[in-house]
Amino acid sequence: MNLSRLLIITLLAVVGWKLIGSANTDLVVSDISPNHDVVIFTAEWCGYCDQARDYLVRNRVEFLEIDIDSSTEANRRWRDAGGRGVPLTFIGDQRLAGFSAHSYAQALLILDP
């Protein structure tokens, strides 16, 4: 097998893997929970999740918290939402990976100007 054929096969394999393994990153909060404006996927062991939760509580933001380790269904919902790490937060139509007080503040301003 020559090098160009090997590269083409490798490229097709990578593209196929990306397509099959791609998660829905176009979700908005209402796709996850129609009754909430803010949904946060967390894990008990995650310090950034603690910071994100504390930020929302301190700012009196109502939210739905889904612990990805609490059940296979919770973990599936996180993966379906494009979860690759926690916290994964949906505020309105915005998807925030990780925690940044500035990013949360910006998203919450858009949610409730």
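**The whole chain**

Begin with the entire protein displayed as a cartoon, bearing in mind that this is a predicted model. The secondary structure consists of five helices and four strands. Followed along the sequence, these elements give the pattern α-α-β-α-β-α-β-β-α. The protein has 113 residues, of which 31% count as buried. Among contacts between residues at least 6 apart in sequence, 58% join residues at least 24 apart.

**The sheet**

Select the four strands next. They form an open sheet in the order β2-β1-β3-β4, and the pairing is mixed. The edges are taken by β2 (64-67) and β4 (94-97); each has a single partner strand, so one side of each is left without a neighbour in the sheet. On average, and with direction ignored, neighbouring strands are turned by 15° against each other. As a general point, strands of a sheet pair through backbone hydrogen bonds, either parallel or antiparallel.

**Strand β1**

Now select residues 38-42, which make up β1. How many of the residues of β1 are buried? Five of the five are, so the strand is largely enclosed by the rest of the structure. Display the side chains: Val 38, Ile 40 and Thr 42 point one way, while Val 39 and Phe 41 point the other way.

Both partners of this strand can be inspected from here. With β2, the pairing of β1 is parallel and extends over four bridges; Thr 42, for instance, has Asp 67 of β2 as its bridge partner. With β3, β1 runs antiparallel, and four bridges join the two. Two pairs may be picked out: Val 38 stands opposite Ile 91, and Ile 40 has Thr 89 as its bridge partner.

Proceed to residues 88-91, strand β3. Leu 88 and Phe 90 point one way from the strand and Thr 89 and Ile 91 the other way, and all are buried. Here β3 pairs with β4 in the antiparallel sense over four bridges.

**Helix α3**

Select residues 47-58, helix α3. Its 12 residues reach 16 Å from the first C-alpha to the last, close to the 16 Å expected at 1.5 Å a residue. Which residues of α3 are buried? They are Cys 49, Ala 52, Tyr 55 and Leu 56. Viewed down the helix axis, these residues fall within an arc of 125°, so they line one face of α3.

The face turned away from the buried side carries the exposed residues Val 57 and Arg 58. After the helix comes Arg 60, with a positive phi near 55°.

**Helix α4**

Select residues 72-80, helix α4, in which Ala 74, Asn 75 and Trp 78 are buried. These three cover an arc of only 100° around the axis, which puts them on the same side of α4. What covers them includes β1, β2 and β3. Gly 82 follows the helix and has a positive phi, near 90°.

**Ser 33**

End with Ser 33, which lies in the loop between α2 (29-32) and β1. Is Ser 33 buried or exposed? Its relative accessible area is 7%, so it counts as buried. Show the side chain of His 36 as well: the side chain of Ser 33 makes a polar contact with it, at 2.6 Å. Leaving aside neighbours within four places in sequence, Ser 33 is in contact with Val 39 and Leu 64.

Terms used: Residues are numbered from 1 along each chain as its sequence is written. This is a predicted model: local features need pLDDT of at least 70, side-chain atom pairs count only at pLDDT 80 or more; totals for chains, interfaces and linings use all residues. Side-chain values use heavy atoms; hydrogens and water are left out. Buried means under 20% relative accessible area, exposed over 50%, partly exposed in between (1.4 Å probe, protein chains only). A polar contact is a pair of N or O atoms within 3.5 Å; within protein, one must be able to donate a hydrogen and the other to accept it, and residues adjacent in sequence count only if both atoms are side-chain atoms. Contact means heavy atoms within 4.5 Å. The expected span of a helix is 1.5 Å times one less than its number of residues. The arc is that of the directions from the helix axis to the C-beta atoms. Two strands pair if DSSP finds at least two bridges between them. Axes are lines fitted to C-alpha atoms, for helices over the stretch in contact, and angles run from 0 to 180 degrees between N-to-C directions.
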